[in-house]
Amino acid sequence: MLTEERFRDKVYACWMGKNIGGTLGGPLEGIMELLDIKGYTQEFVTAVENDDLDLQLVNLHCLEQYAGQVTSANLAKEWLSHVHFQFDEYGHALTNMRKGLRPPLSGCYNNFFTDCMGSPIRSELWGIVCAGKPELAAYYACQDARVDHAGGEGVWGEVFFAVLECLAFEETDVEKLIVTALSYLPEDSRTAGAVRLLLHSWREKKSWKENRELLIEEFGGENFTDAPLNIAFTLMGLLYGEGFTERLLITTDCGYDTDCTCATIASIMGILYGTSYLDEQWVKPLGEKILVSSPIYGFDVPKTIGELTERSIRAAKLAAAVYEAAPDKGIFSVNRETDREITLLPEGSFACCELICETQYEDKNPSIAPGETKTVYLTVQNKSLVPYTLDITAQTPSGLEVMSEGGKAPAAGGCGSHVSIAPGGRQTVDFQVKAEKSVPRRAYYSCRFVLKQEIEGHWTQMEVPFTLMATNDWKLEADGISPGIFHGTDSAVRLKQAGLSEGKARMLKASSRLWLPEEKEVRLLVVCRKPAALLVDGRTVVKSDLDTPLIPAYHRAPSEKCATLRLAAGAHDIEIRLTDVEESDLFYFYVVNPANHFAAEIDCVLTGMD
């Protein structure tokens, strides 16, 4: 039986394990070779800042702020207020949310890193507050991961660990825990494939080093943060080791994203066995203090492991109360949709909302090209006990026009739909939105649906926001031949759009015009594998003959393919030159703020040159 005292001990051990693993693995992060670690590698050992824990403190604040009513929409609000990381998936998700995209689109639009470890490392809190409730743990984990990993393996990594950890409070059979957590994943996910391969090789009595090589051969790549491989490495120590230290060091010696893998395995062992299982050599140097990264601020963070433990236990009671009080437990199911934004009305609703509004974009993409007409859909489901009579209109800023039915001409005074939706019914309305051709355009367009409800001859108004993103437009030229303007629906330029002769080109030029709203210092990033040059207003500012990894993160783009310069407000000609390219190649181009250490992306417009 899990007594309150035993539960508190396991929660404390979980968070202490998180600190231990993050401190051990932090200095080794990104080393992709087999390691041979004996202990902490720092000369002076103290607890370190780690996003693995930082972001869970934000999630804890969300639980407290919304009294257990955790949704991806509420978590997105927390991120915008309190998270200022710009690393990998965090940076791209925050860029999307600042422009108005909401989960799940915030997590999947223009985001190379949806398969990475930024969300699997945030699972422990959900395991704690949902102890013994795997369906609820999976729900919370999914809501969290959709903010910055929607549609990717990062979602399934967080769901997997959250389920395993919530069950580990009462079950200590590691193989059984892994198999049960595996049943919550899609069979065709790469995460499930990596875990199955790990189990298969372990059952065949292969050594952990042999198992590691098989996993790398099947799931390895150039990005050390890829989730499926690191999730398998986290489990490696649990399966092969005996005792806290041996298990921890096996996972550490696997390498790759070690701050994540070490922190997670140590926290799992804390949940499984409690504080008595943690070896003193790891605990004593750290003490109880929690250090929080400087980009996480604006709320009352726990100062010690003890305080975090008590607040986690109180949060578990909040989550249990919300779950038990919900009239429909179906709201806690894992949502695998990645192409629609959900809004519950009236604003602030959760378990007893009256309307569920789903926003979808034509082609499942929120971008719009100059002169393009894009359809945006709003589906309204009536969850109340009475009919809803609504007038629904779409409102857009300058640069966009809402077209009349058939899209033939702009509607005089706007256009909309008058609908009546019976209890339990649903209805979809669609709007054609056209972008003007003139430049400079906006980087993004903040729009909204307005729903006016008629009650006894009177009207009340509710709103559902949506965002349309401007395309990044380039003129492509391969060996002197140009197919015209390429409208990029994200920051990637895919060279197959250039119509390369025989699928190859000795020289590819991509030209655009960069519009800045004001004078500022900018950092220009060209992320590609092949040698590249960057010209700004005819002046070469980047020239690199190097082949480099394709990892389009704001903070780890190769320095040889970046330039920092001050640009005046207005238009600047941009030209990127790549040599010896193939149809499968692509490049990314970003404009970021060098004054921000974490390189937040700047709002600007790229318009293809005539």
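Entry 1, the second largest cavity. I looked up which elements line the second largest cavity of this predicted model; helix H1 (4–25) and helix H2 (51–65) each supply at least two residues. H1 gives the most, with four residues. I listed the lining as Lys18, Asn19, Gly22, Thr23, Val48, Asn50, Asp52, Leu53 and Ala263. By class I noted three nonpolar, four polar and two charged residues. The volume of this cavity is about 40 Å³.

Entry 2, the largest cavity. I found that the count of cavities of 30 Å³ or more comes to two. The largest cavity has a volume of about 280 Å³. Its lining holds 24 residues, and I noted Lys99, Asn472, Ser491, Glu601 and Cys604 as those nearest its centre. Two or more lining residues come from each of helix H4 (88–98), strand S10 (458–470), strand S20 (586–592) and strand S21 (605–607). I recorded the classes of this lining as 12 nonpolar, nine polar and three charged residues.

I then turned to the open spaces. The largest pocket has a volume of about 1,300 Å³. I recorded 47 lining residues, of which Thr71, Ala73, Ile342, Thr343 and Leu344 lie nearest the centre. Helix H3 (72–82), helix H7 (134–149), strand S1 (340–345), strand S2 (355–361) and S10 are the elements that give two or more residues to this lining. H3 gives the most, with six residues. The lining of the largest pocket comprises 22 nonpolar, 13 polar and 12 charged residues.

I noted about 430 Å³ of space in the second largest pocket. Its lining has 26 residues, and Glu29, Asp51, Phe87, Tyr90 and Asp259 lie nearest its centre. H4 and H14 each supply at least two of the lining residues, and H4 gives the most, with three. By class I found 11 nonpolar, seven polar and eight charged residues in the lining of the second largest pocket.

Which residues does the UniProt annotation "binding site" cover? The unreviewed entry gives Asp257 and Asp259. I found Asp257 and Asp259 in the lining of the second largest pocket.

Asp257 lies in the loop between helix H13 (244–253) and helix H14 (258–273), whereas Asp259 lies in helix H14. Are these two residues buried or exposed? Asp257 counts as buried because its relative accessibility is 3%. Asp259 has a relative accessible area of 5%, and is therefore buried.

Asp257 is in contact with Glu29, Met117, Phe224, Thr225 and Asn230. Asp259 is in contact with Gly21, Gly22, Gly25, Gly26, Glu29, Asn50, Asp51 and Asp52.

I looked up the partners recorded for strand S19 (residues 570–582). Strand S14 (residues 504–516) pairs with S19 in the antiparallel sense over 12 bridges, and Trp515 stands opposite Ala571 in S19. Strand S16 (residues 532–536) also runs antiparallel to S19, joined by five bridges. In that pairing I noted Ala533 opposite Arg577 in S19.

Methods
Residues numbered from 1 in each chain as written. Predicted model: local features only at pLDDT ≥ 70, side-chain atom pairs only at ≥ 80, totals over all residues. Heavy atoms only, no water. 1 Å grid on protein atoms, 1.4 Å probe; cavity = no way out; pocket = protein on both sides within 12 Å on 5 of 7 lines; lining within 4 Å. Points joined across faces, edges and corners; volume = space filled by probe spheres on them. Nonpolar A, V, L, I, M, F, W, Y, C, P; charged D, E, K, R; others polar. Pairing = 2+ DSSP bridges. UniProt positions renumbered as here; feature names shortened; annotations may be inferred. Buried < 20%, exposed > 50% of the residue type's maximum accessible area, 1.4 Å probe, protein only. Contact = heavy atoms within 4.5 Å. Lists of a residue's contacts leave out its neighbours within four places in sequence.
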